[in-house]
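These are my notebook entries on one protein model. I kept them in the order in which I looked things up, with each cut-off written down where it is needed.

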Amino acid sequence: MAQVTRAWVAAPSPTAGRAGHGSHPCQGLYHRPVGTNPRCAFIATHYNVDFSEHYLASRLAERGFGFLGWNSRYRGNEAHFLLEHALIDIGTGVRWLRDVAGVETVVVLGNSGGGSLMAAYQSQATDPIIEPARDLPLPDAVLDLPAADLYVSLNAHPGRPDVLTAWLDPSVTDEADPLSVDPDLDMFDDRNGPPYADDFIASFRSAQEARNHRITDWAVAELERLRAAGAWDRLFDVHRVWADLRFTDLALDPSDRRAGCYAGDPKRANLGPYGIGRTSTLRSWLSMWSLRESQCVGAPHLAQIRVPSLVVQSTADRGVFPSDAHAIHEALAADDRTLELVPGEHYFEDGGRDDVADLIAGWVEDRRAGRRRRVPQPLPVLRDGA
């Protein structure tokens with residue numbers, strides 16, 4: 001394996017300049033083999049998580065690739081997220097790879113929540129379709145993004161509103177009270193399961209969607225109220241966001257996973273202060289989390305991705321499930337699309353990172369050499385309501 005060097009990369013964005021204290025809105029680390037300038041490089045960005053030191057960065061650099069772990073202005077700042085500006089920031093990273101690093105083949109890597117973000121990027125760079133955030137103009141820069149050459153989805157959630165809604169606790173009866181509960185919709189009430197009956201699953205899923213829509217209705221009305229008073233926006237909290245039935249009922253969307261969620265015990269996590277979508281502005285809720293208004297969803301963007309695409313899904317993931325991987329694979333418009341199911345947890349914390357790096361590197365090398373491998377995968381048996 002080659003030795004790896006890393007370089008700090010920071011740049012202004014077309015819609016955000018350098019801050020007064022000195023930091024740039026776009027920041028990351030470029031990993032590459034010592035003594036070489038790779039002609040093929042990956043770029044990975046998340047909605048909120050710092051991907052500058054992504055666990056695959058050095059591994060793929062050891063295998064001869066460049067890897068730009070790239071952060072938008074919203075790293076650690078998801079409460080103020082607006083999709084169009086995140087895409088513009090990613091475009092800044094892609095241009096840096098081509099214009100400064102001399103990369104010929106760019107691979108967008110959509111990992112975890114970043115899966116739908118990078119799909120939205122490639123989609124918008126292929127055929128612009130996104131609409132501006134409520135009450136804001138669409139920046140010209142988001143209509144001129146450089147497209148990537150290959151797309152990789154790695155343990156990717158189907159979309160931000162999709163995953164939040166799948167995790168929302170529908171038993172909340174008062175958004176201002178984190179302890180309010182409707183016992184008939186409480187997945188942690190032993191009388192309801194697990195295992196969960198089909199009618200409970202149906203009611204639970206419907207109520208999750210209804211809660212998302214209620215928050216959206218309130219956010220829109222609150223924006224109107226603020227506007228009338230001359231105010232612009234506000235922050236608010238969403239309580240109890242660790243309530244996916246699949247966390248405790250392993251018969252739903254069956255896989256090799258253990259019971260629990262990324263935060264451990266879902267009941268304890270659900271009552272705690274941490275989790276996705278916990279704090280938002282009204283506009284960031286509409287941009288990222290709303291089922292009705294968010295464009296941070298995978299399906300419409302995946303339908304515009306025609307470059308060769310690889311979907312990798314670990315079989316013990318406790319937050320991304322086999323049905324998600326199959327849905328992403330089927331939604332892609334690429335004629336050359338591959339689905340690989342591999343052992344491991346969400347970030348392969350239990351091992352297997354080198355195997356995943358080998359898998360992705362081999363797939364990319366085949367495409368760059370004009371070769372194409374497609375390995376059929378068996379479909380899992382899915383339970384209705386999962």
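**Entry 1: cysteines.** I count a disulfide as a pair of cysteine sulfur atoms within 2.5 Å. As background for myself, a disulfide is a covalent bond between the sulfur atoms of two cysteines. With that cut-off I find 0 disulfides in the structure. I then looked up accessibility, where buried means under 20% relative accessible area, exposed means over 50%, and partly exposed is in between, with a 1.4 Å probe and protein chains only. Cys 26 is buried at a relative accessible area of 0%, and Cys 296 is buried with 0% as well.

**Entry 2: what kind of model this is.** I remind myself that the model is predicted, that local features need pLDDT of at least 70 and side-chain atom pairs count only at pLDDT 80 or more, while totals for chains, interfaces and linings use all residues. Residues are numbered from 1 along each chain as its sequence is written, and side-chain values use heavy atoms, with hydrogens and water left out.

**Entry 3: the chain as a whole.** I took helices (H or I, at least four residues) and strands (E, at least two) as DSSP runs numbered from the N terminus, and the protein chain has 10 helices and 10 strands. For the radius of gyration I used C-alpha atoms, with the globule rule of 2.2 Å times the number of residues to the power 0.38. For 386 residues a compact globule would come out near 21 Å, and the protein chain has 21 Å, so the two agree. Along the principal axes, the C-alpha atoms fill a box of roughly 60 × 55 × 35 Å.

Of the 386 residues, 56% count as buried. With contact taken as heavy atoms within 4.5 Å, I looked at contacts between residues at least 6 apart in sequence, and 78% of these join residues at least 24 apart. Accessible areas come from the Shrake-Rupley method with a 1.4 Å probe, and for residues only the protein chains shown count as cover. The protein chain exposes about 15,600 Å², of which carbon and sulfur atoms supply 51%.

**Entry 4: helix H9.** How many of the 10 residues of H9 are buried? The helix, residues 322-331, is mostly covered, with 7 of its 10 residues buried. Among them I noted Pro 322, Asp 324, His 326 and His 329. The cover over the buried residues of H9 includes strand E6 (150-154), helix H8 (299-302), strand E9 (309-314) and strand E10 (337-342).

**Entry 5: backbone details.** I found the peptide bond from Gly 193 to Pro 194 to be cis, with omega near 5 degrees, and the bond joining Pro 194 and Pro 195 is cis too, at an omega of about -5 degrees. Pro 194 sits in the loop between helix H4 (160-167) and helix H5 (198-228), and Pro 195 lies in the loop between H4 and H5.

I also looked up positive phi. Asp 135 is not a glycine, yet its phi is positive at about 70 degrees; this residue is placed in the loop between H3 and E6 and is partly exposed at 42% relative accessibility. Asp 253, also not a glycine, has a positive phi of about 50 degrees. Its loop is the one between strand E7 (235-237) and helix H6 (266-270), and Asp 253 counts as buried at 0% relative accessibility.

Entry 6: Thr 126 lies in helix H3 (residues 114-126) and is partly exposed, with a relative accessible area of 31%. Apart from neighbours within four places in sequence, Thr 126 is in contact with Gln 304 and Arg 306.

Is Ser 287 buried or exposed? At 10% relative accessibility, Ser 287 counts as buried, and its place is in helix H7 (residues 282-289).
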